[in-house]
Amino acid sequence: LWACCPFHNEKSPSFSVSPAKGFYKCFGCGKGGDSIDFVMEMEKVGYLEAIRHLAKKYSIEIKEEELSEDELREQSERESLFIVLNFANKYFVKNLLESSEGKSIGQTYFKERDVAEEIIEKFELGYTLDKWDGLLNHATEAGHGKPLLEKAGLVIPKDDRFYDRFRGRVVFPIHNISGRVVAFGARALKKEDKPKYINSPETPVYHKSQVLYGLYQAKQAVRQEQNCYLVEGYTDVTR
């Protein structure tokens, strides 16, 4: 089988796949390997994560060494954080697209900044309602505990109560290289709201120095073009 290579820009197909041998080779850029190598190269993940990705896709059971109680606890916590962060992301997106506040304020802001609808969808941009407990109530009603919401950086405790970290702002979800939401950046839309930007704190799944906003969406084009521009702000990336 022949196709244009996904790892570099070309007009004539030089990417060869042999189903019988389970092997691929590009005679243009020289990259080659098996299915695991392909996933590692495409998704920029490690060997074990590539195996888990393929196993999940094809419903193949993986037998791994038994983890210690601490390792199991840490793994469970990370997965719970990913789940609640994804829940919050869907909530913010729904606010932008369906709530009257999101339409009149959030969508107006993006239109004024010339952010196209397809970019809003691609980057999963959202809006958080201008209330103290919008996400908090929605998440707790769905069964997500306050301690987990706090650990994910979504709510802040104060005087034995909790309130939303992000309120009345447009929201930019931050994805890791595999596409999972790990944090958020939120921009104020009122002059009196300070600071202008509020970002998620560091968490077990988010380390600011290890994540670059927009890289997940851009990684394919960066590979093909062999070129990348770094810009300062969230909106600079989406424009």
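These questions and answers set values from the predicted model against the definitions behind them.

User: What should I know before reading the values?
Analyst: This is a predicted model, so local features need pLDDT of at least 70, side-chain atom pairs count only at pLDDT 80 or more, and totals for chains, interfaces and linings use all residues. Residues are numbered from 1 along each chain as its sequence is written, and side-chain values use heavy atoms, with hydrogens and water left out.

User: What makes up the secondary structure of the protein chain?
Analyst: The chain has nine helices and ten strands. Helices (H or I, at least four residues) and strands (E, at least two) are DSSP runs, numbered from the N terminus.

User: Why is Thr235 called buried?
Analyst: Buried means under 20% relative accessible area, exposed over 50%, and partly exposed in between (1.4 Å probe, protein chains only). Thr235 has 2% relative accessibility, so Thr235 counts as buried. Thr235 sits in helix H9 (residues 234–238).

User: Which residues does Thr235 touch, not counting residues up to four places away in sequence?
Analyst: They are Tyr109, Arg113, Val115, Phe172 and Tyr197. Contact means heavy atoms within 4.5 Å.

User: Which residues of helix H1 are buried?
Analyst: In H1 (residues 35–43), Ile36, Val39 and Met42 are buried. They cover an arc of only 135 degrees around the axis, so they lie on the same side of H1. The arc is taken from the directions from the helix axis to the C-beta atoms. An α-helix has 3.6 residues a turn, so residues three or four places apart point the same way. The cover over the buried residues of H1 includes helix H2 (47–57) and helix H8 (215–225).

User: What makes Asp34 a cap for H1?
Analyst: A side-chain oxygen of Asp34 lies 3.1 Å from the backbone nitrogen of Ile36, at the N-terminal end of H1. A polar contact is a pair of N or O atoms within 3.5 Å; within protein, one must be able to donate a hydrogen and the other to accept it, and residues adjacent in sequence count only if both atoms are side-chain atoms.

User: Where does Glu202 lie, and what polar contact joins the side chains of Glu202 and His207?
Analyst: Glu202 is in the loop between E10 and H8. The polar contact with His207 is 3.4 Å. A polar atom of the Glu202 side chain also lies 2.9 Å from the backbone nitrogen of Lys208.

User: Why is the pair Lys31 and Glu41 called a salt bridge?
Analyst: A salt bridge is a side-chain nitrogen of Lys or Arg within 4 Å of a carboxyl oxygen of Asp or Glu. Lys31 and Glu41 meet at 3.4 Å, N to O. Lys31 lies in the loop between strand E3 (23–26) and strand E4 (32–33) and Glu41 in helix H1, so the pair ties together parts that are ten residues apart in sequence. The structure holds seven salt bridges.

User: How do you know that Lys151 and Glu77 link distant parts of the chain?
Analyst: Their side chains form a salt bridge of 2.8 Å, N to O. Lys151 is in helix H7 (residues 146–151) and Glu77 in helix H3 (residues 69–98), 74 residues apart. Salt bridges that share partners also join Lys31, Glu41 and Lys44 into one network.

User: Why is Lys44 called partly exposed?
Analyst: Lys44 has 43% relative accessibility, so Lys44 counts as partly exposed. Just after H1, Lys44 takes a positive phi of about 55 degrees.
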